[in-house]
Amino acid sequence: MNTPDLTVDIGNLVLENPVMTASGTFGYAREFEPYIDLNRLGGIIVKGLSLTPAKGNPPPRIVETECGMLNAIGLENVGVDAFVRDKLPFLQGLRPPVIANIYGKTVDEYARLAERLESATAVKGVEVNISCPNVKEGGVVFGSDPRIAAEVVAAVRRKTTKHLMVKLSPNVTDIAVMARAAEDAGADSLSVINTITGMAVDLSTRRPKLANITGGLSGPAIKPIALRMVWQVAQAVAIPVVGVGGIMNATDALEFLMVGATAVQVGTANFVNPMSTMEIIDGMDAWLRQEGIDDVNKLIGSLVTGELG
């Protein structure tokens, strides 16, 4: 058969293939230039950006766990101005669309970040990380309250004409409620899921292994939860869903498409194998050929439920 078409459309953004990088796991892309052909990626999502540079949490802030990783990096980054000045020129020379992940401590900070990036033509979209505490609401996480989450998304929407992706937290009672709130507030797509809060203990010292005590769990351990949440969200909203969580190979990525994701983000796998994104793209192509499927879009949402047989 002819080469399968891997092109997918997430709202107003067209990707050459469904494989994107997950924020916080790929730096600003240049770090991976020695290992992969960056132009083969479907999309590049850079490390989370704040209004001013952030040092993050004190070490230790990464712990390997059974089938995963706990991180409490604390969203360390160069700040939006340094990103535009120092990092964006390199990214501008790449073919895949660049999406800037943003986070703030107040609704106003999110809005100001979106406004600052609006004039950066090389940035094709913003991904709003709502898994952050709102300092004006007593530390309530933006992503745990649909009303506050919608307020953030609406504020960003007013300041940007770029693709608006909202990254949902799994640490909620009903992720479908959060998804609909983000959609109603103006999101173009949703990335599902962010990390799951966890912790690790050192038995010999009787202390937490992370200086921050808790951190975000990622990697294969969270894949079943991420799959379930993507499936739930895809049924609850009309906008595209991007699957994130424990994707280590092409089989994992294809499963996310089958439950309703239009594209995927590869995160922790980048630490284990810097070439994982390339292998996933090649593996998806090979599987589609094997199955005689000429267009990857035919797989999206094709999960069969109901009685067996």
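Two conventions first. Because the model is predicted, local features need pLDDT of at least 70 and side-chain atom pairs count only at pLDDT 80 or more, while totals for chains, interfaces and linings use all residues. Residues are numbered from 1 along each chain as its sequence is written, and side-chain values use heavy atoms, with hydrogens and water left out.

I begin with the helices. Helix α2 (residues 107-118) packs against helix α3 (residues 146-159) at an angle of about 25°, and their axes are 8 Å apart. Helices here are DSSP runs of H or I with at least four residues, strands are runs of E with at least two, and both are numbered from the N terminus. Axes are lines fitted to C-alpha atoms, for helices over the stretch in contact, and angles run from 0 to 180 degrees between N-to-C directions. The two helices, α2 and α3, are therefore roughly parallel to each other; angles under 35 degrees count as such, over 145 as roughly antiparallel, 65 to 115 as roughly perpendicular and the rest as oblique.

Which residues make the contact? On α2 they are Val 107, Tyr 110, Ala 111, Ala 114, Glu 115 and Glu 118, and on α3 Glu 151, Val 152, Ala 155, Val 156 and Lys 159. Contact means heavy atoms within 4.5 Å.

The structure holds four aromatic pairs. Rings of Phe, Tyr and Trp (its six-membered ring) pair if their centres lie within 6.5 Å; planes under 30 degrees apart count as stacked, over 60 as edge-to-face and the rest as tilted. Tyr 28 and Phe 83 form a tilted pair, 6.1 Å centre to centre with 40° between the planes. Tyr 28 lies in the loop between β3 (19-21) and β4 (44-45) and Phe 83 in helix α1 (residues 80-92), so this pair ties together parts 55 residues apart in sequence. Phe 83 counts as buried at 0% relative accessibility, where buried means under 20% relative accessible area, exposed over 50% and partly exposed in between (1.4 Å probe, protein chains only). Tyr 110 and Phe 142 form an edge-to-face pair, 5.2 Å centre to centre with 85° between the planes.

Finally, Ala 120 lies in the loop between α2 and β8 (123-129). Ala 120 is buried, with a relative accessible area of 7%. Leaving aside neighbours within four places in sequence, Ala 120 is in contact with Leu 88 and Lys 162.
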